[in-house]
Amino acid sequence: PDALCGAPLAHAYRAPVLLVSTDRLDAETQSEIQRLKPSRIVVLGGEASVSATTVAEARAACPDPKRVAVERIAGADRYETSRRIAARLRELKGTPEEVTLASGADFPDALAASSYAARAGQPVLLTRPDSLSQELLQALSESGAESVYVVGGVMAVGQPVSDAIRRAGYSVDRAAGADRYETARLIIERGLNDRGLFRMQRFVVASGEQFPDAMTGGVLAARVGGPLILTRGSGSLPDPSKYVLDRYADKVIDAYVMGGQMAVDDAIVSELQIQLIGDSY
């Protein structure tokens with residue numbers, strides 16, 4: 001949950017999102033920190049998510065640990081953490097025109113919006129599905145934004161939540177598809193056509209059934225100026241994703257598929273290639 005809201009902040013820092021185990025620094029992550037030689041490490045979540053030991057190991061992996069600034073952004077729960085990440089993003093990027101709001105009870109909608117929010121420089125705030133907390137209402141006020149982009153249908157973010165936001169004086173727009181893939185398509189179309197945040201020359205494809213690869217891939221998508229397209233892990237591409245690919249195939253230069261066979265199998269990759277290049281590939 002903590003990393004769900006991290007893409008806009010990472011993009012503002014021109015930084016990747018690296019995943020770690022709670023209580024140790026994985027060898028692959030240690031190697032990447034050594035390669036990156038960072039001057040700053042931003043830790044998302046409290047010690048129950050990323051222990052002090054893991055943070056110390058990450059800092060020690062840097063070539064000059066004493067010169068590395070470490071900042072932890074953490075709240076009592078995922079909702080407070082999302083608000084604190086939003087406040088930090090505002091310090092870096094200034095007042096956003098809009099805030100993205102997603103359910104904190106499940107991951108697909110927040111993932112689908114990660115590249116969009118990162119490109120727009122706006123935070124992703126998490127809400128409980130059935131009620132708008134006073135703390136979240138205060139965070140909206142402190143953001144300075146005038147509008148809220150709700151991602152997900154009323155089962156994800158209930159109508160009472162969006163109604164309460166409207167009563168508080170914000171304009172509300174909602175991306176709500178029949179499923180997570182259709183919601184992702186609506187976000188992509190908005191980013192391409194309404195806001196001009198995306199181009200389709202390059203984009204990222206990741207599993208909509210598992211969160212880790214899409215969580216890091218959203219930052220890559222934002223960096224290359226493209227959307228994050230969600231897919232099933234096996235079988236066939238979802239129809240909403242096919243629609244996006246069919247519509248913009250002639251513009252594509254590169255597509256990045258996140259994860260191995262267990263995340264997105266070769267049948268999906270082959271179908272993606274056919275969608276973009278044709279049967280002659």
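This is a predicted model: local features need pLDDT of at least 70, side-chain atom pairs count only at pLDDT 80 or more; totals for chains, interfaces and linings use all residues.
The largest pocket holds about 1,000 Å³ of space. Its lining comprises 36 residues, and P16, V17, L18, V42 and V43 are the closest to the pocket centre. Several elements each supply at least two lining residues: α1 (6–12), α2 (27–36), β1 (40–44), α3 (52–60) and α10 (212–224). By class, 25 residues of this lining are nonpolar, six are polar and five are charged.

The second largest pocket holds about 200 Å³. It is lined by 16 residues, with D109, G152, G153, A156 and R180 nearest its centre. Two or more lining residues come from each of α5 (108–112) and α9 (180–194). Helix α5 has the largest share, three residues. Seven residues of this lining are nonpolar, five polar and four charged.

Cavities were searched for across the whole structure, and two of 30 Å³ or more were found. The largest cavity has a volume of about 50 Å³. Its lining consists of A86, L89, R90, K93, G94, P96, G121, P123 and S143. Helix α4 (residues 78–93) contributes the most, with four residues. The lining of this cavity has four nonpolar, three polar and two charged residues.

Y181, A184, R185, I188, I229, L230, P240, S241 and V244 form its lining. Here α9, β8 (228–231) and α11 (239–248) each give two or more residues. The largest share, four residues, belongs to α9. Seven residues of the lining are nonpolar, one is polar and one is charged.

How values were computed: Residues are numbered from 1 along each chain as its sequence is written. Side-chain values use heavy atoms; hydrogens and water are left out. On a 1 Å grid over the protein atoms alone, a cavity is a set of points where a 1.4 Å probe fits but cannot get out, and a pocket is an open set with protein on both sides within 12 Å along at least five of seven lines; lining residues have an atom within 4 Å of a point. Grid points are joined across faces, edges and corners, and a volume is the space filled by probe spheres set on the points. Ala, Val, Leu, Ile, Met, Phe, Trp, Tyr, Cys and Pro count as nonpolar, Asp, Glu, Lys and Arg as charged, and the others, Gly among them, as polar.
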